[in-house]
Amino acid sequence: MDIGWKVVSGVGGVVAGFLAKQIIEKSWQFATGKDTPDEDDFSANLVEIVAFSVIAGATQQVIRNLVMRQAANIYSRGSSSVATGTA
């Protein structure tokens, strides 16, 4: 169990989540001219909610993957356990 990698991956996950939220909100506002759908607004258009969910989920996964790849690349410079997959 590599504590260093757990810390780096935890921080990477937080950073990815923050970046994804900012990018998704700004992109949605730019594309639609509206704020992101609110989960408590039951009068919102269902098609809009589904479209937002799909786009937000895909964007979040892509950003998380890119951030974690970069974190692993940086971390592996100092440790061979991430690059080789051994603990």
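1. Fold pattern. Along the sequence, the chain reads α-α-α. Its secondary structure comes to three helices and zero strands. The model is predicted.

2. Burial and surface. The chain has 87 residues, and buried ones make up 20% of them.

3. Contact range. Take the contacts between residues at least 6 apart in sequence: 67% of them join residues at least 24 apart.

4. Aromatic pairs. The count is two. In one of them, W5 and Y75, the ring centres are 5.6 Å apart and the planes stand at 50°. The pair is therefore tilted, since edge-to-face needs planes over 60 degrees apart and stacked needs them under 30.

5. What W5 and Y75 connect. W5 sits in helix 1 (residues 3-32), Y75 in helix 2 (residues 46-76). The pair thus ties together parts that are 70 residues apart in sequence.

6. Burial of this pair. The buried cut-off is under 20% relative accessible area. W5 has 22% relative accessibility, so W5 counts as partly exposed. Y75 has 17%, so Y75 counts as buried.

7. W28 and F52. Here the ring centres are 5.2 Å apart and the planes are at 80°. That angle is why the pair is edge-to-face.

8. Placement of W28 and F52. W28 belongs to helix 1 and F52 to helix 2, so this pair ties together parts that are 24 residues apart in sequence. Both W28 and F52 are buried.

Notes
Residues are numbered from 1 along each chain as its sequence is written. This is a predicted model: local features need pLDDT of at least 70, side-chain atom pairs count only at pLDDT 80 or more; totals for chains, interfaces and linings use all residues. Side-chain values use heavy atoms; hydrogens and water are left out. Rings of Phe, Tyr and Trp (its six-membered ring) pair if their centres lie within 6.5 Å; planes under 30 degrees apart count as stacked, over 60 as edge-to-face and the rest as tilted. Helices (H or I, at least four residues) and strands (E, at least two) are DSSP runs, numbered from the N terminus. Buried means under 20% relative accessible area, exposed over 50%, partly exposed in between (1.4 Å probe, protein chains only). Contact means heavy atoms within 4.5 Å.
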